[in-house]
Structures are given as structure tokens and as C-alpha cells.
2 protein chains.
Amino acid sequence: MTIRRATDLPKPTEAELAILGVLWDRGYGTVRDVHEALYLDDGGGYTTALKLLQVMHGKGLVERDDSQRAHVFRAAVSKERTQKRFLSDMVQRVFDGSASQLVLHALGTQHSTREELKEIRALLNRLDRETK
Amino acid sequence: MTIRRATDLPKPTEAELAILGVLWDRGYGTVRDVHEALYLDDGGGYTTALKLLQVMHGKGLVERDDSQRAHVFRAAVSKERTQKRFLSDMVQRVFDGSASQLVLHALGTQHSTREELKEIRALLNRLDRETK
DNA sequence: CATGATGTACGAAGTGATTCGTTGATGAGG
DNA sequence: CCTCATCAACGAATCACTTCGTACATCATG
């Protein structure tokens, strides 16, 4: 048996991330749940969702409860951890390792509400105190 | 002939992004330049770099000056535009469309210097005034 | 028990990215 | 003119991801 620590888990692919999104939202789901949430309009087949979940289970990205006929899947990685993972990946590859460069771009480009800006400012103040 | 607007350009792949990084840094470069900058320690072959640049040229990601025997390549997409592209992609796929969520994660996780925090705060103040 | 609906398992095909070996052209030095 | 180094072109192999068809198991219902 191969034991995989959380940090060893492979980075989810495009399709896998979409599935994780569904599981994060719902908490858990069967193949049918995932298929209906993602692939119905796509025209994507049921077995496509199934295969993806099987592959993801093989990689350790989801847990499976097979005590019922329709197996129930849960995300084996937290949303926060995964977001962090993608984020630092991108900082390295696209922003020369500078997180603040990324932040400046993000603030400059995308829209934020006043409430969100306030929240960011609060965090900023806290960081400022800590970076003594 | 197919004309491609900047917004039509495909998102650079992993390897392509690394090559763009070299071209952004140097301004321009031959296949040999790129190969030495990226693939020497990797053990990556010369023709690998060449093929990638050919593919990228086919996609419109780089411009080529073939007036010399050793063709000279330049990035056909700006660094800023590409960063923005990756950023909004990620906001959609990983952060449910919320840029501020991404910013909070980025500030919380990665390190920033006092100087950088100051810069961010300045932008924040400006945004605050504009988001009247 | 027969049947239809629903489920998992599995292999194979399709796709795009990457890597590399080979070929032939070009140019420099003897 | 010959030879060697350097270069672009091209096709093929490989790899990972995705999609799908088919086979077979299970269960409910009549």
C-alpha cells in the first residue's frame, strides 16, 4: 500500500478541479450528482464523470464510501489548501515569485466591492503590525 | 491566412510560459539562447527548445526574425497581459470568481516586505476613493 | 424468474503537450 | 573545393488527460 501525505497529492487537473468544486459545495456526492452538476448541458457522458472520479480516487484526491451501491465521494483535499497550492504555483511561474506583484495585478484588474476592500485593508493592517 | 487578435491567442502552456519568461527578460533570443537559459541543466535537448519555439510561432505567441541564419525570436504577448490572463483564469476556476478572496489568500500565505505592503495600501486607498 | 433501470469496472481511442532523432541547408576555415 | 560546426525543419514516440463504448453486477418490480 502506498501512503500519500497531503503535500504529495498531485495538483488537480482542469476537469478534476471542477469536480472538486462540486464536492466542496455539496460536501459529498455520487457519480450521478457530479454528472448532473457538471456534464448535463456539456453533453458529457455519465461514464466520463465516473472515470474521472475513479482516477481521482486512485490519486488520492477523493475518498470513496462504497458501502452503498451508488458510491459516495468526498474531497480528500480542502478547498483552502488547494487554493493555496494553485496560488503559490502561479506566483512562482507567472509572477517571478512575488506575491505582492500578483496582489497588485489582481486588485488593479478585477472588481472588488467596498466591503471586500475593507476586509483586505484589515488584513493589511494586521500584517503591517506583524512585519515589524 | 489566419489573423489572430491578441485576445484569440491561446493560453501559453507550462513549457511555453518558461520560454516567454526568457524572452521577456532578454527582450529577444535565438533558439540557442533559450536552450542555454532553460534546458542546459535539465538535460533538455536543443531541438526541444527549437520545436517549442516553432510551435509557439505557429500559435502566434512569438514573432520570428529569420533574416539571420539563427532566427531571432521575440515574445508576441506582453508579460502584463499574460499575467492578467492567468490571473483571471485562476480567479474563475479556483476562487469562484472572487478576486478579493484570492488577494486575501495571497497576502495571508506568501511573504511580503514592508515596502510592498505600503505599495498595496496605496493602491487600496486609490481604489477606495474610486469605488464611491 | 424475467426485465429494465442503475450502478461500477475496464480498456481503448482521441487530444494536446513535450521530447527527441534524423535530415538537409548554410556558412566558416583550411 | 572539402570538411566541420551550426542551424531549421520535420516526423515520430511518448506521456498525461479526457472521453466514451462495452461488459457485467445489483436491485426493484411485475
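**Exercise 1. How many nonpolar, polar and charged residues does the surface near DNA strand C have?**

Before we start: this is a predicted model, where local features need pLDDT of at least 70, side-chain atom pairs count only at pLDDT 80 or more, and totals for chains, interfaces and linings use all residues. Residues are numbered from 1 along each chain as its sequence is written, with chains lettered from A and ligands numbered from 1 in the order in which they are written.

*Solution.*
- Step 1: "near" asks for a C-beta atom, placed from the backbone, within 6 Å of the strand.
- Step 2: Ala, Val, Leu, Ile, Met, Phe, Trp, Tyr, Cys and Pro count as nonpolar, Asp, Glu, Lys and Arg as charged, and the others, Gly among them, as polar.
- Step 3: the surface has 6 nonpolar, 9 polar and 7 charged residues.
- Step 4: α3(B) gives the largest share, 5 residues.

**Exercise 2. Find the residues that chains A and B bring to their contact, and sort those of chain A by class.**

*Solution.*
- Step 1: two residues are in contact if their C-beta atoms, placed from the backbone, lie within 7 Å.
- Step 2: chain A brings 34 residues and chain B brings 34 residues.
- Step 3: on the side of chain A that touches chain B, α4 (79-94), α5 (99-109) and α6 (114-130) of chain A each supply at least two residues. Helices here are DSSP runs (H or I, at least four residues), numbered from the N terminus.
- Step 4: by class, this side of chain A has 18 nonpolar, 9 polar and 7 charged residues.

**Exercise 3. Which residues is A:Leu102 in contact with, leaving aside its neighbours within four places in sequence?**

*Solution.* Look for A:Val91, A:Phe95 and B:Ala106.
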